[in-house]
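This briefing is meant to be read beside the sequence and the 3D view.

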Amino acid sequence: MKEVRYRFSTGFFITLSLALLLFGNKNATVVQEARSTLIDVFVPVLDVVSRPIEAVDSAFGWVQQVAIVFSENKRLREENAKLKNDRIKASQLAIDNQRLKKLLNVGEGQVNTIAAARVVADSDSPFFKSVLINRGTSDGIAKGQAVITENGIVGRTITVGNSSARVLLATDINSRIPVKLASRGINMILEGDNSAYPKVTFLPLGEEIAVGDLILTSGYGMVFPPDLPVGQVIEVDEKGVKIKLSGELHNLNYVSIVGYEIIRNQLTQPGRAGTALQEDQN
């Protein structure tokens, strides 16, 4: 019975299709009008039917947005709480650090800007990297002082006249500047080699350095203050570690000459250390 019904329906639809095809070829205008009429009837129906679907879709999107905002708010609250705890710990460590420094008479580093100077000449030599500035002893400049820009280190003064001074650039082959790895505080030496990219040496055995690592001054040598920007590692191979300096030494116009010294408190008398700590705690 089912097979008979199947055959009958198949034959019916095939016959209907052929009839519509023949009818459409002979009466194209009538078919086109009928199609337009059907479209005109069904478009409003489809519009009405689609509105609830759009409303549900919009409500579902709104729920998703609310869930995202709620999750983001929760994450920000947790991050804010963590930052508050970190700030409290940092404040406590800073207080402890100050107390210990006072007890040990370590002293604080003090940076003084001695003068700002204009670069008036460049050695422009492949064998000697230096510049001449228009400040000298009459402006408080002395031999061996650090010269920097807003971007980082430049070099140090090597000869000083009454109204001028020569600055040995960090790229000169005779330049040696104590530096450190910013991420781990590993001390090294920045050595110039008369190229635009000086190298770091004396990296301790077992320590690794990678391209992109930042280099800062260590403060050793008492010429450059600690934590000044030096540059970034751009090449690491068997020949050494190359650094791209933060400052553009080939295009200097103005520089600052700075002095760095350690300010120490008066030595605490024996037996007074505990009293001093107690006074600080009070």
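**Annotated region and model basis**

For "coiled-coil region", the UniProt record, an unreviewed entry, lists residues 66-93; UniProt positions are given in the numbering used here, feature names are shortened, and annotations may be inferred rather than shown by experiment. This is a predicted model, in which local features need pLDDT of at least 70 and side-chain atom pairs count only at pLDDT 80 or more, while totals for chains, interfaces and linings use all residues. Residues are numbered from 1 along each chain as its sequence is written, and side-chain values use heavy atoms, with hydrogens and water left out.

**The span 66-93**

- Residues 66-93 are 100% helix and 0% strand, and the end C-alpha atoms of the span lie 40 Å apart; helices (H or I, at least four residues) and strands (E, at least two) are DSSP runs, numbered from the N terminus.

- Eight salt bridges are found in a search of the whole structure, a salt bridge being a side-chain nitrogen of Lys or Arg within 4 Å of a carboxyl oxygen of Asp or Glu.
- Arg-75 forms one of these with Glu-72, with the closest N and O atoms 2.6 Å apart, and both residues lie in helix H2 (residues 28-104), three residues apart, about one turn of the helix.
- Arg-75 counts as partly exposed because its relative accessibility is 40%, where buried means under 20% relative accessible area, exposed over 50% and partly exposed in between (1.4 Å probe, protein chains only); Glu-72, at 36%, also counts as partly exposed.
- Lys-82 and Asp-86 meet through their side chains in a salt bridge (3.1 Å, N to O), and they too lie in helix H2, four residues apart, about one turn of the helix.
- Lys-82 is exposed, with a relative accessible area of 51%, whereas Asp-86 is partly exposed, with a relative accessible area of 31%.

- Strand E6 (residues 176-181) pairs with strand E7 (residues 187-191) in the antiparallel sense over five bridges, two strands being paired if DSSP finds at least two bridges between them.
- Arg-176 has Glu-191 in E7 as its bridge partner, and in the hairpin of E6 and E7, with five residues between the strands, Gly-185 takes a positive phi near 70°.
- E7 also pairs with strand E8 (residues 199-201), in the antiparallel sense over three bridges, and here Leu-190 stands opposite Val-200 in E8.

- The side chains of Arg-184 and Glu-207 meet in a salt bridge (3.3 Å, N to O); Arg-184 lies in the loop between E6 and E7 and Glu-207 in the loop between E8 and strand E9 (214-217), so the pair ties together parts that are 23 residues apart in sequence.
- Arg-184 counts as partly exposed at 45% relative accessibility, and Glu-207 is partly exposed with a relative accessible area of 34%.

**The largest pocket**

- The largest pocket has a volume of about 410 Å³.
- Of the 17 residues that line the largest pocket, Thr-171, Ala-196, Glu-248, Leu-249 and His-250 are the closest to its centre.
- On a 1 Å grid over the protein atoms alone, a pocket is an open set of points where a 1.4 Å probe fits, with protein on both sides within 12 Å along at least five of seven lines, and lining residues have an atom within 4 Å of a point.

Note on methods: Points joined across faces, edges and corners; volume = space filled by probe spheres on them.
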